[in-house]
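This report walks through a few local features of one protein chain. Please look over the sequence and the structure before reading on.

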Amino acid sequence: MRYTLHFDGSCYQNPGGICAYGFHVDTDEDEPKRVHEGYGRILDDVRTNNVAEFEGVIHALDWFIKNVNDSEHLTIFGDSDMVISSIKRNKRSKKEHMLRLQGCAQSLISSLDCEWTAKRIHRSKNKVADELAGRTRKALSKLKAIEMS
């Protein structure tokens, strides 16, 4: 079976703000079926949009590797040129925290038991992952506001 994976990250008050990621995995058929949606909070000391994007693909790949056993091909979609280029090993960051995230993503890619491709897409074609990340970030912002009051 063939699958698609969409990921995104979101950071309010970039850098240093509240960051979250979102992803979804679908079957890649004539009538795709949603297999899983995931989202979460970024707890790294360094919180930026790029960190959130990397965390999105890392958590998505980790979920995929642990839960999908019948994949022939995985197509990874994201709207971050940095992450897509890094996965393809076309770009390398000079920042230590980004190198750690790149290494983690590349290690997960290397452990896939299927063929894969990674494609950068326009943000308008990444709406579900964007909404998952945005909704999570907004919920965290509301919690932080409650904690501070």
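## Arginine 120

The model shown here is predicted. Arginine 120 sits in strand S5, which covers residues 115-120. With a relative accessible area of 48%, arginine 120 is partly exposed, because that class lies between the limits of 20% for buried and 50% for exposed.

Leaving aside neighbours within four places in sequence, arginine 120 is in contact with Gly78, Asp79, Ser80, Asp81 and Ile84. One of these contacts, serine 80, is 40 residues away from arginine 120 along the chain, yet 6.6 Å separates the C-alpha atoms of the two residues.

## Serine 80

Serine 80 belongs to the loop between S4 and H2. Is serine 80 buried or exposed? Its relative accessible area is 7%, and a residue counts as buried under 20%, so serine 80 is buried.

Not counting residues up to four places away in sequence, serine 80 touches Glu53 and Arg120. The side chain of serine 80 also has a polar atom 3.2 Å from the backbone nitrogen of valine 83.

## The nonpolar core

The largest nonpolar core has 32 residues. The members that touch the most others in this core are Leu5, Phe7, Val57, Leu61, Phe64, Leu74 and Ile76. At least two residues of the core come from each of these elements: strand S1 (2-12), strand S2 (18-27), helix H1 (49-67), strand S4 (73-78), helix H2 (81-87) and helix H3 (96-110). H1 gives the largest share of the core, with nine residues.

What does leucine 61 touch, not counting residues up to four places away in sequence? Its contacts are Leu5, Leu74, Ile76, Ala105, Leu108, Ile109 and Leu112. Leu5, Leu74 and Ile76 are also among the core members with the most contacts to other members.

## The largest pocket

The volume of the largest pocket is about 220 Å³. Its lining consists of 14 residues, and those nearest the centre are Asp8, Gly9, Ser10, Arg123 and Asp130. S1, H1 and helix H4 (127-148) are the elements that each give two or more residues to this lining.

Which element gives the largest share of the lining of the largest pocket? That element is H4, with six residues. By residue class, the lining has nine charged residues, four polar ones and one nonpolar one.

Most residues other than glycine have a negative phi, and most peptide bonds are trans.

Glutamine 13 is not a glycine but has a positive phi of about 65 degrees. Asparagine 14 and proline 15 are joined by a cis peptide bond, with omega at about -5 degrees. Glutamine 13 has a relative accessible area of 54%, and the cut-off for exposed is over 50%, so glutamine 13 is exposed.

The other place is arginine 89, in the loop between H2 and H3. Arginine 89 has a positive phi of about 65 degrees, although arginine 89 is not a glycine. The relative accessibility of arginine 89 is 55%, and arginine 89 therefore counts as exposed.

Terms used:
Residues are numbered from 1 along each chain as its sequence is written. This is a predicted model: local features need pLDDT of at least 70, side-chain atom pairs count only at pLDDT 80 or more; totals for chains, interfaces and linings use all residues. Side-chain values use heavy atoms; hydrogens and water are left out. A nonpolar core is a set of buried Ala, Val, Leu, Ile, Met, Phe, Trp, Tyr and Cys residues joined through side-chain atoms within 4.5 Å. Buried means under 20% relative accessible area, exposed over 50%, partly exposed in between (1.4 Å probe, protein chains only). Helices (H or I, at least four residues) and strands (E, at least two) are DSSP runs, numbered from the N terminus. Contact means heavy atoms within 4.5 Å. On a 1 Å grid over the protein atoms alone, a cavity is a set of points where a 1.4 Å probe fits but cannot get out, and a pocket is an open set with protein on both sides within 12 Å along at least five of seven lines; lining residues have an atom within 4 Å of a point. Grid points are joined across faces, edges and corners, and a volume is the space filled by probe spheres set on the points. Ala, Val, Leu, Ile, Met, Phe, Trp, Tyr, Cys and Pro count as nonpolar, Asp, Glu, Lys and Arg as charged, and the others, Gly among them, as polar. A polar contact is a pair of N or O atoms within 3.5 Å; within protein, one must be able to donate a hydrogen and the other to accept it, and residues adjacent in sequence count only if both atoms are side-chain atoms.
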